[in-house]
Amino acid sequence: MKIRELMLRNFGMFQDKNIRFEAGMNVIYGENESGKSTIHSFMKGMLFGMERGRGRASVYDAFSIYEPWKNPNYYSGYLRFESGEKLFRVDRNFDKYSKKAELICEDDGEVLSVPDGDLEMLLDGMTVSGYDNTVSIGQLKVQPEKCLGLALQEYANEYYASGNGELRTEQALALLRGKKKEAERAAAAVLEQKQQVRERLEQEVSYVWRDIHRLEEELEQLEERLRQKEQTKKKQDPDEKKGLMDSLRPSKWRIHPLEILLLAALVILAMVFLDRPINFFAAVVVFLAGGLYVWNRMKVSKKSKTVPESIMEEILPEKEGIPAERLKGERDRVRTELRDKQIQYENLKEQVEELDETGEAYDRYEQKIRAIQMAMDRIRDLSADCRERMEQELNRKASWILKEITAGKYDRLLVEENLHMTLLKEGKRIAVEQVSRGTAEQIYFALRMAAADILEEEELPVILDDCFGNYDDERLKRVLDWLWRHKKQVILFTCQNREMRILKNLGIPYSEIKL
């Protein structure tokens, strides 16, 4: 990619300011406060947009800092750039009321969409954070931020895992975490449903058990009452106490008429065949004995129930007065109900025991959760392997660049986790904090260029905004020479003539733009 032209229609201190760039070296020269940083920020805003902060942050954000001095409602410009041998133009209006971004291919007139990611595609997925920490170096911002390490790690995961950078590890992990949570929620719902069914069944088991206990007690009482009935019947069975007259007398009669006639005959015989006055005495005795016999028979007969008494007993049965047949019928009914309840109780117990098993639905979710977890673990393992490979590649490239720009003084740079950097020299480890500021900035420069080489498939211009203040002439000479030999386009902002003088001494052609 090469930036060809800028048009600052109304941006900061500039109105209708046009700047053209060439391939190779471009030097924008201007004194302090001539607008170099404004142009640098304009390029960033055209490529990545510029959002306005909120609240107190809006006072110091880029939108407010570079708001046009004149006619602030007309806040716009365009940038023309070359990518893939085609020329594109991006127009932006930063005004909060009429904000827009347009992208067009000038070679064939195709209208592209910035919101849909067409510009991001042309920038090869470069983010504003990656831009700020690789190819774009601002004043006093030579040291890259920690987020560069995260960008390199993510790129390593994407590139080494898929071979083309299309796999997004964090997105994949986030997607898998979402799927895992869905499966866990579904499994929990299955368990909750089973628990609800279990509670209902256990409650029903409790009710049935109480019914069984009640029926067992009721059956026991009925059995006891029937036993008492049998015992009472045996004691009061009239067939066992009948004499000759009882056997001759109908069971429904209290006294037989023949018995009355027999008594009357005995009295007459006593009067006729016995002498006086003995016959009178005998007749009286026989009469009294017969009367006593009749009275006793009438008394015994009272023990048998009359028809009205039986009807009243049916209407108002007492505990001891219920017929045995009714008690037996009630006993059979209770036995049947008890047997049904016992079968129901056993069935319910089996259902509760079956609920102790997790079930096919829950097992499927468990298998899915385990599979997702295995995939996440595998991705993390792969990510760790990719990070290691990325560190090796980054160390190799950064060490090579550092060796080039230090003339071989330092040839081994180790970039470890969280961008912790260490120099290796003659078998000794030297922390970045132990070297001079100029050497440290060379290390940061080497790291940025190595990271840019890894992250970019299509090379972006290197933009340097007065970032060589701590370089001596020899350091600057080697860095400029390296940039000329290895970068397609460099845009160098400076307030000194030193860079142009060194470029002339090196015989490096450059395009000068004076502000």
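A cavity is defined, on a 1 Å grid over the protein atoms alone, as a set of points where a 1.4 Å probe fits but cannot get out, and its lining residues have an atom within 4 Å of a point; grid points are joined across faces, edges and corners, and a volume is the space filled by probe spheres set on the points.

**View A. The largest cavity of the predicted model.** The largest cavity has a volume of about 40 Å³, and a search of the whole structure finds one cavity of 30 Å³ or more. Its lining consists of Met1, Ile3, Leu47, Phe48, Leu123, Tyr131, Leu460, Pro461 and Ile463, which divide into nine nonpolar, no polar and no charged residues (Ala, Val, Leu, Ile, Met, Phe, Trp, Tyr, Cys and Pro count as nonpolar, Asp, Glu, Lys and Arg as charged, and the others, Gly among them, as polar).

The model is predicted, with local features needing pLDDT of at least 70 and side-chain atom pairs counting only at pLDDT 80 or more, whereas totals for chains, interfaces and linings use all residues. Residues are numbered from 1 along each chain as its sequence is written, and side-chain values use heavy atoms, with hydrogens and water left out.

**View B. Confidence in the protein.** The mean pLDDT (the predictor's confidence in each residue, from 0 to 100) is 81, and 84% of the residues reach 70 or more. Over residues 160-166 the pLDDT is below 50, although this stretch has 15 contacts in the model beyond near neighbours in sequence (contact means heavy atoms within 4.5 Å).

Conventions. On a 1 Å grid over the protein atoms alone, a cavity is a set of points where a 1.4 Å probe fits but cannot get out, and a pocket is an open set with protein on both sides within 12 Å along at least five of seven lines; lining residues have an atom within 4 Å of a point.
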